Amino acid sequence: MNLLQDLPNQQRRAIDAIREVAAEKDCHPFLVGGPVRDLLLGRNGFDVDLALEEGGSTLARALAKRLEGRVRSFPQFLTYKVVAAGYPDIDIATTRKERYRQPGALPAVTAGRLKDDLLRRDFSINALALDLVNDTIHDPTCGEQDILARRLRVLHETSFLDDPTRVFRAIRLATRLGFSIDPETSDLMKSAIASGALSTVSRERVWRELSLAMDEEKAPEILTALCEQGALQILFGRRGTCDLHERLRAVHERLAGEPDLDRYVIYTGVLLRGDASPVDFEGSGFSQKRAKAVVEIANDIPRIEESLAIVREDRERFRIYREISPETLAVIGSELPYEVAHISRYHEFENFKLPLRGNDLEVPGGPHIAIALEQTREAVFNGSIALEEARSYAREVARKLLEQ
Ligand code: ATP
Ligand code: MG
């Protein structure tokens, strides 16, 4: 099928191998859900999610052998993952029927046909399957039409009540793809939120959805929409941050330049601006250290910015920087454009090393050595002494300290 023609090489080879192995083993795999949606949209880099009515384990084992990889099996979910070097991970599931006995609880799962498996899904654009044997598309809910209309639609009236995490999925996916939310779906979503549906889900699951939102390229827009729709009230109560979108966009830009920063800490801090306390993080899995960093961003930035406004020297400024987390520093940089140059200089200073060790000073050992070396590093960095003078300068400082 020409849909698969433009796939990146790794996916192409994976699909070819799946087809060959399926023919040999007489299995009938379907590519399902997100990958089919992304193929129809011409978006590359998709996951390989397969579903079969039967023979999942046979296909998984044979495929792992063919690709010289291994199978991880998750018997309670009837799913397998084939992992092989040079190929994308291949998820293999048995088609299933789901029944929600209680709103918000995990569904009861039984074996089902392909159609059941598509009808249990969240949105029509995800309820699609591509038959890898016959090259046909199964689309029981008119998902292709919705893809063409760039519209997100749930499959039935109680969808958001059955699984309120779909509120997060709807906003995340619609924003990512630039789709509108169908008016009826939007009404259902709003009334589910208003009726407190999200309180039927554990905080852990809500936090997981929130973290997924933070992983997205359009995280600022998604988080703003979640907040505006009231979906975050279940975690954080009723609170609003002014200029939320602008603040999130500004930190998003800082994050792009500094990918090692903890974006979950930063975004949560911005969401809780003004008033965060440890109860807000229940279910987040944040360590104490990360929770502390969030509280610092949420509660302490105005105070830190006031202190920064009155410092004159690098030295004092850097001392303030050193006391706060790198994440807080990044948020400050996103809020105060004039602080950015100082922060860059601080990072330079942090990375600046002197070609000098304690032994080079030839003075008796002790804590004064480290202090002298640090003072010398500072003096060379800010240009008050030349590099050639570093050794004698450090020795002098160490001696003086020793005499005190
Ligand atoms: P992504 O590109 O983010 O991976 P995706 O659509 O593949 O998007 P996944 O979370 O990987 O999303 O889920 C795979 C598929 O499983 C979805 O396409 C959807 O059909 C189905 N699915 C996932 N979560 C739910 C849910 N809460 N309710 C119903 N179906 C779901
Ligand atoms: Mg996926």
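Contacts of the ligand

Modeller: A backbone N or O atom of Gly 34 lies 3.1 Å from an oxygen atom of ligand 1. This is a predicted model, in which local features need pLDDT of at least 70, side-chain atom pairs count only at pLDDT 80 or more, and totals for chains, interfaces and linings use all residues. Residues are numbered from 1 along each chain as its sequence is written, chains are lettered from A and ligands numbered from 1 in the order in which they are written, and side-chain values use heavy atoms, with hydrogens and water left out.

Biologist: What makes the approach of Arg 176 to ligand 1 a polar contact?

Modeller: A polar contact is a pair of N or O atoms within 3.5 Å; within protein, one must be able to donate a hydrogen and the other to accept it, and residues adjacent in sequence count only if both atoms are side-chain atoms. A polar side-chain atom of Arg 176 is 2.7 Å from an oxygen atom of ligand 1, so the pair meets the cut-off.

Biologist: Why is the pair Arg 169 and Asp 122 called a salt bridge?

Modeller: The term requires a side-chain nitrogen of Lys or Arg within 4 Å of a carboxyl oxygen of Asp or Glu. The closest N and O atoms of Arg 169 and Asp 122 are 2.7 Å apart, so the pair qualifies.

Biologist: Which parts does this pair tie together?

Modeller: Arg 169 lies in helix H7 and Asp 122 in the loop between helix H4 (114-119) and strand E8 (129-131), so the parts joined are 47 residues apart in sequence. Helices (H or I, at least four residues) and strands (E, at least two) are DSSP runs, numbered from the N terminus.
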